[in-house]
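This briefing goes through the model shown below by topic. Fold, confidence, pairing and selected residues are taken in turn.

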Amino acid sequence: MPFSSLSIKLTCTSCGHQTAKVLDWLREHADRFDCPDCGLTVVIDQMQVGSELAKLGDVVDELAAKIRDLRERLISNAPRSPTSA
Ligand SMILES: [Zn+2]
């Protein structure tokens, strides 16, 4: 999964509608977004974005650890040669 396609959820302060925005988008529009539900321009809560990004970081770390684990298991389970089994 490319890093730029990771997204975080932004909540509309008016209607509570949650909008997922990818990190590439955030980099360009870090201060406000238009709610697709009620059309309000919502000023982005930097605290919320900060905690969402922190959560995302944890997920990515966890994913990296799982992938490393899985690869090690696959390598150690791989038969040395197709005829030895
Ligand atoms: Zn809204």
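The protein chain holds 2 helices and 4 strands, and their order from the N terminus is β-β-α-β-β-α. The model is predicted, with an average pLDDT of 87 over the protein chain.

**Confidence and burial**
- A pLDDT of at least 70 is reached by 89% of the residues.
- Mean confidence is highest in strand 4 (residues 41–43), at 94, and lowest in helix 1 (residues 23–28), at 86.
- Of the 85 residues in the protein chain, 1% are buried.
- Taking contacts between residues at least 6 apart in sequence, 25% join residues at least 24 apart.

**Strands 1 and 2**
- Strand 1 (residues 7–11) and strand 2 (residues 18–22) run antiparallel and are joined by 5 bridges.
- Leu-10 has Thr-19 of strand 2 opposite.
- The two strands make a hairpin, with 6 residues between them.
- Gly-16, in the turn of this hairpin, has a positive phi of about 80°.

**Helix 2**
- Helix 2 covers residues 46–77, which is 32 residues.

**Val-49**
- Val-49 is located in helix 2.
- Val-49 counts as partly exposed because 17 C-beta neighbours lie inside 10 Å; a buried residue would need 20 or more.
- Apart from neighbours within four places in sequence, Val-49 contacts Ile-8 and Ile-44.

**Leu-40**
- Leu-40 sits in the loop between strand 3 (32–34) and strand 4.
- With 13 C-beta neighbours inside 10 Å, Leu-40 is also classed as partly exposed, since the exposed class ends at 12 or fewer.
- Not counting residues up to four places away in sequence, Leu-40 touches Cys-12, Ser-14 and Cys-35.
- For Leu-40 and Cys-12, the C-alpha to C-alpha distance is 7.9 Å, and the two are 28 residues apart in sequence.

How values were computed: Residues are numbered from 1 along each chain as its sequence is written. This is a predicted model: local features need pLDDT of at least 70, side-chain atom pairs count only at pLDDT 80 or more; totals for chains, interfaces and linings use all residues. Two strands pair if DSSP finds at least two bridges between them. Two residues are in contact if their C-beta atoms, placed from the backbone, lie within 7 Å. The expected span of a helix is 1.5 Å times one less than its number of residues. pLDDT is the predictor's confidence in each residue, from 0 to 100.
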